[in-house]
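Here is a short briefing to read alongside the model. Keep the viewer open and follow along.

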Number of protein chains: 4
Amino acid sequence: MSNLLRKGRLSSARRDVVKFTSSALIDKKILKHIIEINKAHVLMLVECNILSKDYGCKILKALSNLHGSIKLFSNMEDGHMVVEEKIIEATGQDIGGNLNLAKSRNDQVTTAIRMELREEIIRLIETLVDLQEKMLHLANKHLFTIVPGYTHLQPAQPITFAHYIVAQFDALQRTILRLQETFDNVNLCPMGACALATTSFPINRERVSELLGFNEVLENSVDAVTARDFLLEVMAELTILAVDVTRFVEDLEIWSTMEFGIVELPDGFASTSSIMPQKKNPDILEVIRARISLVLGNYTGSATVLMSLPSTYNMDFQEITPKLWQSIDTVDDCLSMLAKIVSNLIIKSIALDKHSLSFLSATELANLLVRNYEIPFRTSHRIVGIIVKRLLEDGKSFRDLTVELVSEVAKQVLGHYIPLKAKEISNIMDLSRIVESYNVKGGPAPEEVKRMMKARFETISKTETWISEKKNKLSMAYRRLENCITEILSSC
Amino acid sequence: MSNLLRKGRLSSARRDVVKFTSSALIDKKILKHIIEINKAHVLMLVECNILSKDYGCKILKALSNLHGSIKLFSNMEDGHMVVEEKIIEATGQDIGGNLNLAKSRNDQVTTAIRMELREEIIRLIETLVDLQEKMLHLANKHLFTIVPGYTHLQPAQPITFAHYIVAQFDALQRTILRLQETFDNVNLCPMGACALATTSFPINRERVSELLGFNEVLENSVDAVTARDFLLEVMAELTILAVDVTRFVEDLEIWSTMEFGIVELPDGFASTSSIMPQKKNPDILEVIRARISLVLGNYTGSATVLMSLPSTYNMDFQEITPKLWQSIDTVDDCLSMLAKIVSNLIIKSIALDKHSLSFLSATELANLLVRNYEIPFRTSHRIVGIIVKRLLEDGKSFRDLTVELVSEVAKQVLGHYIPLKAKEISNIMDLSRIVESYNVKGGPAPEEVKRMMKARFETISKTETWISEKKNKLSMAYRRLENCITEILSSC
Amino acid sequence: MSNLLRKGRLSSARRDVVKFTSSALIDKKILKHIIEINKAHVLMLVECNILSKDYGCKILKALSNLHGSIKLFSNMEDGHMVVEEKIIEATGQDIGGNLNLAKSRNDQVTTAIRMELREEIIRLIETLVDLQEKMLHLANKHLFTIVPGYTHLQPAQPITFAHYIVAQFDALQRTILRLQETFDNVNLCPMGACALATTSFPINRERVSELLGFNEVLENSVDAVTARDFLLEVMAELTILAVDVTRFVEDLEIWSTMEFGIVELPDGFASTSSIMPQKKNPDILEVIRARISLVLGNYTGSATVLMSLPSTYNMDFQEITPKLWQSIDTVDDCLSMLAKIVSNLIIKSIALDKHSLSFLSATELANLLVRNYEIPFRTSHRIVGIIVKRLLEDGKSFRDLTVELVSEVAKQVLGHYIPLKAKEISNIMDLSRIVESYNVKGGPAPEEVKRMMKARFETISKTETWISEKKNKLSMAYRRLENCITEILSSC
Amino acid sequence: MSNLLRKGRLSSARRDVVKFTSSALIDKKILKHIIEINKAHVLMLVECNILSKDYGCKILKALSNLHGSIKLFSNMEDGHMVVEEKIIEATGQDIGGNLNLAKSRNDQVTTAIRMELREEIIRLIETLVDLQEKMLHLANKHLFTIVPGYTHLQPAQPITFAHYIVAQFDALQRTILRLQETFDNVNLCPMGACALATTSFPINRERVSELLGFNEVLENSVDAVTARDFLLEVMAELTILAVDVTRFVEDLEIWSTMEFGIVELPDGFASTSSIMPQKKNPDILEVIRARISLVLGNYTGSATVLMSLPSTYNMDFQEITPKLWQSIDTVDDCLSMLAKIVSNLIIKSIALDKHSLSFLSATELANLLVRNYEIPFRTSHRIVGIIVKRLLEDGKSFRDLTVELVSEVAKQVLGHYIPLKAKEISNIMDLSRIVESYNVKGGPAPEEVKRMMKARFETISKTETWISEKKNKLSMAYRRLENCITEILSSC
């Protein structure tokens with residue numbers, strides 16, 4: 001428990017209060033950034049002649065030696081004070097007592113969170129792109145694998161498994177785009193805002209920003225210490241991503257029932273019951289579904305905390321940061337596990353002629369009546385509707401469709417027979433043929449899906465380029481900072 | 001990683017999948033209850049002649065020896081399987097292999113959560129009643145301490161600090177009542193529901209329920225394994241409690257500003273700034289305010305997970321239990337810290353004649369005009385409104401009120417002067433006198449607040465009686481269970 | 001736009017501001033209660049000699065004549081001021097100007113909301129009990145209708161449709177109990193708290209409370225105008241109810257797929273597609289599922305608004321009341337529609353011998369091995385697991401089980417054959433027989449479900465008694481109030 | 001109630017079911033877009049030779065005549081069917097029965113929502129930029145107006161009102177940027193996806209997209225009908241904006257208390273009490289604060305509805321669209337009212353020498369000791385802390401600071417006196433001087449704020465350019481569509 005700040009205005013703190021308000025354990029996540037910020041700040045102070053080179057060098061050397069020597073416990077106030085204490089310990093109060101000159105915890109903590117968060121965003125995008133890649137490889141094997149497309153969980157029209165997977169891919173891609181845009185809002189430097197009003201020392205905010213690899217200074221100083229929108233932005237995007245992931249997982253959950261039987265998890269991914277020996281439960285899907293949904297609670301809770309808070313720093317901020325890290329870790333874990341499932345998923349060969357799926361051809365019968373017999377669509381829609389009803393009432397499937405039945409119903413609706421051919425009917429019973437005919441942009445026709453997949457492999461390449469550029473920029477900045485320190489230390 | 005369930009229907013599990021879906025770490029919280037349930041279940045199996053006495057005794061002995069020997073790690077499936085494994089290890093498969101006869105993890109886990117939760121509810125009520133007691137002791141010292149009552153944060157009418165505290169007390173009391181009602185909904189026994197359909201063995205559900213200290217069996221077996229409303233109910237109540245606590249804390253936050261200056265935290269509860277040496281920040285209040293608000297996120301997240309899940313057990317359930325425990329711990333911690341603050345809070349003597357507070361007398365001037373001069377209330381309200389406006393426009397306070405001013409404005413509004421006396425004005429300037437006159441039921445008059453406080457000390461006694469009754473009932477049940485086991489073991 | 005309050009302290013209001021902050025349209029819902037409160041209040045003022053009988057009678061007469069003459073528009077401040085204006089209009093300022101003596105909008109509005117809410121709670125319980133009744137009538141027809149019980153959406157064990165329905169019934173019953181308890185927290189009278197500090201006039205709060213049919217006065221005056229927990233409590237309970245309703249609806253949605261085929265909606269409840277003529281979509285289920293889920297958003301939003309508000313009245317309160325009424329209406333509508341669905345639901349006769357459902361017998365094979373061959377349960381569980389695996393690998397169902405297969409696997413696991421009889425196998429293939437054997441308390445055996453249903457018909461009676469008692473109490477109170485007024489008017 | 005779809009597969013619908021599931025009233029908002037989409041679709045069908053020019057022209061003429069003739073009532077299924085019905089009515093089933101050829105409500109509804117939403121986003125940005133402009137004009141008047149900067153609601157350091165306003169401006173600007181990015185995600189065309197699988201007719205999706213002013217086709221057809229992320233994205237951004245707005249409003253609420261007295265609302269924006277004649281309540285701020293907070297509930301509710309839904313269209317979607325429109329309207333109203341408040345806000349001249357504010361100079365005393373006397377910052381921080389403590393204990397303010405006191409405390413801490421000059425003390429008592437010295441990038445120094453404001457006026461211009469470009473692009477597209485129709489009609 002530090003008393004660094006407690007021998008002036010306030011008498012000593014209570015242990016229980018310090019423990020209750022401590023952010024030390026949370027600060028583990030940002031400790032290395034706190035040290036980097038201190039380095040850049042001191043370097044700037046020396047460059048701007050605010051701190052003597054002699055003092056600056058001693059502090060920088062002490063900061064460089066800190067690595068690994070700091071342990072954070074819940075009886076410490078926070079990571080910021082621990083670093084300052086260690087430096088004063090190492091250099092004496094006369095020198096180290098200047099570490100916090102022209103800065104405050106208010107600007108330092110949000111800067112450190114932003115530094116960690118930009119790395120986490122990159123990590124998330126890496127995980128997403130890895131999942132996308134595995135999805136495309138799975139899709140690649142199923143360009144011609146017909147699966148029923150459902151709406152309202154009722155059989156609708158045939159598509160292919162590859163086409164379905166591309167849809168899930170595209171949803172994830174929009175999250176990647178959002179996260180990339182957010183990266184730029186995160187990567188702004190609040191340092192120099194100090195408590196809320198900057199300082200009367202002639203500091204150079206741009207220099208610190210550059211040394212720490214930021215794009216720009218976050219300008220207005222009141223805004224700089226107040227803003228937590230960057231954090232909500234990320235959490236909101238994870239919520240939207242959760243919607244996309246739970247949709248994919250829900251599809252798999254339903255499709256892996258014995259009744260739907262479209263996919264199956266390998267044994268290694270399934271569980272059984274402690275009482276019912278026959279069970280093969282898709283627990284893993286349910287855990288992903290629930291766990292990732294909980295990021296909505298984190299977002300709601302965090303937004304509630306921020307709502308109606310007055311401007312500038314309030315300790316309330318401290319309580320939402322852990323929710324941010326937790327949401328990111330949860331999402332990252334779930335995506336990684338989902339990638340493994342995707343790589344191992346069993347697509348079952350469906351009996352496409354089974355009763356329920358036979359009706360996937362119905363729309364094509366309606367289209368055929370329009371195309372070949374100039375029946376208006378709404379009329380042909382009704383004719384087919386009546387046919388379906390009759391078949392079902394007779395306990396039959398669409399496979400039992402006959403030229404006679406169509407003609408008879410057409411007569412009833414139109415007043416005249418139509419000269420339908422058996423060949424026409426057998427054509428529309430061929431689901432592969434139907435899928436091939438859905439050959440407009442974005443449709444399930446294998447040729448079109450192939451084209452889309454090629455484009456998406458290129459999208460993956462682009463994302464990977466973005467990732468390595470951002471990573472390079474950051475590691476170069478950190479290297480540059482170390483070089484500047486080495487240089488100045490060598491001249492002391 | 002247990003393979004107890006993996007040598008039949010499914011080939012072995014993947015380590016990463018087990019780790020991802022494991023509830024072992026969460027199950028630490030309910031491990032002792034899992035063991036108690038197993039004891040009661042086996043005892044009942046023997047009593048019902050479903051399991052031989054010989055086997056039953058061996059299992060019961062092994063269960064009794066388990067205590068402390070179980071360590072749960074994230075590579076284990078869950079606490080239930082670990083216990084079964086340990087018993088099989090100790091007694092052999094032929095005997096221990098019957099531990100799970102006529103039960104399932106589905107009924108066992110919800111039973112164990114209910115057992116833990118009923119204890120947690122008692123603990124929460126203990127913490128609440130402790131806070132209430134400290135509040136009444138604080139109030140006791142301030143029966144005559146006038147504080148401004150605000151509405152919309154604008155000075156309204158004078159009350160006393162004791163009266164204010166009783167209001168906060170009453171809000172907490174409603175949470176206690178809600179938790180007590182919820183206790184009864186929690187304290188129902190699902191055991192015997194098995195997976196979802198009970199069993200073909202002639203088990204005795206009432207016996208297990210009684211042995212485990214439950215009020216009753218949770219009857220319908222599908223409902224028994226499905227229901228998670230008891231858990232949402234508690235979390236919802238904590239959310240409502242959070243509203244009450246944040247209100248109290250927000251009052252303290254605003255009242256401890258230099259501008260309001262009504263209360264002050266002792267130094268030991270405050271923090272200073274790393275840059276601004278004059279600061280005395282009520283960090284502790286902000287941490288409570290934010291931390292307890294986050295239970296809303298836990299509730300929202302958990303309700304989202306449960307929404308639209310199909311009936312019976314889904315693994316999604318597993319993900320919300322930790323949110324329940326977390327919410328309870330958070331609330332309990334915040335209430336405990338608040339109790340300490342209440343015990344140490346400094347109530348500052350307010351300069352009641354200060355400008356802003358002088359207007360607290362305005363309503364009484366209006367009432368006086370009604371009472372003594374038969375002016376209708378809406379008219380006297382207008383007269384006083386005009387007076388206030390004039391005083392403010394002249395930079396004056398309500399202390400500057402004169403007989404002349406009132407009379408002049410009355411003339412303007414009514415068309416005639418009123419013979420107001422100086423004594424009447426000085427009377428309504430006396431805030432203590434006003435407070436004394438608010439002597440209707442529930443009002444701030446010291447006499448009435450005294451009466452209310454006496455009643456609330458009795459309320460506390462009643463709550464304490466409830467607590468000890470519930471604790472006794474549970475400890476008696478556990479003792480009875482142990483006695484039954486001792487007895488049967490002694491006869492083996 | 002009223003200027004009743006605007007000729008004193010404040011100059012006149014802006015039209016746009018009044019429209020923005022107006023609660024007039026929302027107040028339509030509580031207008032009749034505002035009038036009743038004014039009646040009771042004036043009656044009490046006369047009884048307590050605070051207002052002359054003459055004035056009181058004139059105001060009461062005017063209040064009695066108000067009925068239907070008030071129209072609320074968005075350019076009015078609120079319902080309270082409109083009533084006061086009308087009374088002043090009818091009786092003159094000298095008389096009507098006393099209507100608001102010793103009361104405030106702060107106590108009046110929360111009293112009026114509580115009066116409306118207690119009626120809405122009764123209405124909700126009526127709707128719930130109507131749904132319950134329809135559920136029991138449906139269940140009654142399906143005591144012997146076997147349906148597969150699922151866990152994790154995988155076939156688990158056989159139950160009956162009646163048993164399933166009783167589970168849903170019981171979940172609804174817990175909401176009824178919660179609402180009944182909440183009724184008592186709602187039915188408390190804040191009147192007399194005035195702005196926040198009661199009044200210096202010697203009012204009688206108990207009398208007003210009694211005249212308005214409340215159980216008791218809500219005592220502490222600061223608490224009385226601050227408390228909004230009663231409103232959150234109702235909204236939280238609706239959220240929990242939404243979880244229960246969406247679960248039932250989700251079951252129906254999945255069971256009405258062509259693949260599961262357990263239930264079907266009559267045509268009148270289904271929709272078709274504008275493009276796919278074969279579709280029969282359960283739109284109605286999806287609308288209920290989504291619409292009722294939205295009450296969670298109402299709760300979250302309202303709790304967020306209340307979090308960290310300072311004590312006493314804030315205008316923020318006004319914004320959450322519409323969310324309360326909206327949530328109640330939404331839930332009531334969804335429950336009513338669900339009741340119609342329940343009354344018309346088609347339960348399809350399932351081919352119980354179909355592949356996927358054959359495995360519902362597996363647990364009973366395990367139990368049989370325990371029961372008849374003294375194999376420990378965990379071992380028999382493994383044996384059956386291996387059998388299931390083999391059958392599935394061979395593309396067979398549990399119907400293909402043979403004495404030989406069991407014996408062979410038993411030998412493999414146990415080291416010896418078991419003398420299983422064909423009769424034993426055919427017995428466990430009979431799902432009706434299995435269901436009958438699940439004859440423990442709360443189980444699906446028809447006899448037991450019959451017993452449970454009888455008890456639940458009694459539960460319905462009890463709820464109906466509660467409803468009529470509450471309704472009687474309220475209508476008697478309203479009648480008494482009118483009688484008191486008639487009496488006093490006749491003596492004027 | 002339309003039976004257009006009900007004479008085939010399904011018998012007629014129930015009135016109550018249609019009313020319950022109807023989206024007709026909601027569809028009012030998108031009706032004009034439904035018509036535009038039908039026009040573009042039919043035009044494309046003719047251009048692609050899927051529909052004869054003759055039929056196409058007749059339908060287009062009927063569509064052009066529709067304007068204003070459609071009334072939507074709750075007994076109609078939805079806007080889509082009403083339009084189709086009207087067209088069939090006008091042109092006969094043989095012609096109009098082809099309106100829905102190669103499209104579905106699934107693609108049509110999401111296209112229409114996107115068309116409306118892109119306009120709403122533009123409108124929101126217009127409202128935001130109007131508020132920003134008013135903020136800058138207010139700031140312009142207060143470049144030199146000192147206000148206390150607070151952290152944790154405790155006086156921290158002096159800033160200017162202009163500097164404060166720029167902070168709020170910048171927060172709003174980030175919402176504008178987010179909305180602009182979102183515009184591009186919204187402005188994608190799903191048409192041609194049909195039910196989920198495109199169609200076997202050779203449609204041209206790019207053409208429809210272009211005719212309707214979209215940037216691009218939303219490619220994958222399953223994704224096109226499933227995606228609702230665009231809607232959540234907007235709602236999430238409104239939630240973040242709500243945090244920013246409530247922060248600004250909360251500042252104003254606290255600053256307009258009599259105790260803080262920094263700002264005041266003009267009478268026209270304030271309300272009084274019905275009982276307390278002196279009250280001037282900032283109701284309007286509280287209504288904004290609460291009302292805009294409720295968008296969080298809308299977001300949470302909507303995300304909950306979408307979570308774990310299966311792919312493609314579900315009727316659940318219909319229930320969240322009204323929440324989107326409601327959130328936008330709420331935010332737009334609140335921002336407009338806030339703009340009026342900003343234009344009329346009274347900034348009060350603060351007595352900067354008042355007790356509480358005198359301590360705003362404390363940090364500068366610490367800085368001075370560092371700067372002029374080479375005392376390390378942490379030591380000078382402690383010296384000033386002790387001085388503040390002593391002054392407060394003696395009931396004094398920072399104005400009572402003397403050379404002697406500083407020197408004495410310095411001696412105590414450092415062991416030696418420091419030769420402080422009276423001039424140095426008087427300098428740091430001058431808050432304007434301090435503010436001028438905070439002259440680093442983003443600081444409150446008037447010169448720097450002036451520079452920032454100039455830049456922000458340019459930002460406004462840029463946003464306005466964006467707005468007019470987008471508006472032009474859309475109106476040109478609509479004009480082009482009309483021209484194409486005119487052209488084709490003239491050639492019929």
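Predicted model: local features only at pLDDT ≥ 70, side-chain atom pairs only at ≥ 80, totals over all residues.

Residues are numbered from 1 along each chain as its sequence is written, chains are lettered from A and ligands numbered from 1 in the order in which they are written, and side-chain values use heavy atoms, with hydrogens and water left out.

**Aromatic pairs**

- Searching the whole structure gives 33 aromatic pairs over all chains; rings of Phe, Tyr and Trp (its six-membered ring) pair if their centres lie within 6.5 Å, and planes under 30 degrees apart count as stacked, over 60 as edge-to-face and the rest as tilted.
- Tyr164(B) and Trp255(B) make a tilted pair, because their ring centres are 4.7 Å apart and their planes are at 50°.
- Tyr164(B) belongs to helix α8 (residues 161–186) of chain B and Trp255(B) to helix α11 (residues 229–255) of chain B, so this pair ties together parts 91 residues apart in sequence. Helices here are DSSP runs (H or I, at least four residues), numbered from the N terminus.
- Tyr164(B) and Trp255(B) are both buried, where buried means under 20% relative accessible area, exposed over 50% and partly exposed in between (1.4 Å probe, protein chains only).
- In chain D, the rings of Tyr164(D) and Phe248(D) have centres 6.1 Å apart and planes at 50°, so that pair is tilted.
- Tyr164(D) counts as buried at 1% relative accessibility, and Phe248(D) counts as buried at 3%.
- One aromatic cluster is formed by Tyr150(A), Phe260(A), Tyr150(C) and Phe260(C).

**Charges over rings**

- Arg371(B) lies over the face of Phe201(C), 4.4 Å from the ring centre; a charge sits over a ring if NZ of Lys or CZ of Arg is within 6 Å of the ring centre and within 35 degrees of the ring normal.
- Within chain D, the charged end of Arg114(D) sits over the ring of Phe230(D), at 3.9 Å from its centre.

**Symmetry**

- Chain D superposes on chain A by a rotation of 180° with 0.0 Å of shift along its axis (RMSD 0.1 Å), using least squares on the C-alpha atoms of residues with pLDDT of at least 70 in both.
- That is the relation of a two-fold axis.
- The C-alpha of Ala236(D) is the one in chain D nearest the axis, 3.1 Å from it.

Definitions and conventions:
Helix = DSSP H or I, 4+ residues; strand = E, 2+ residues; numbered from the N terminus.
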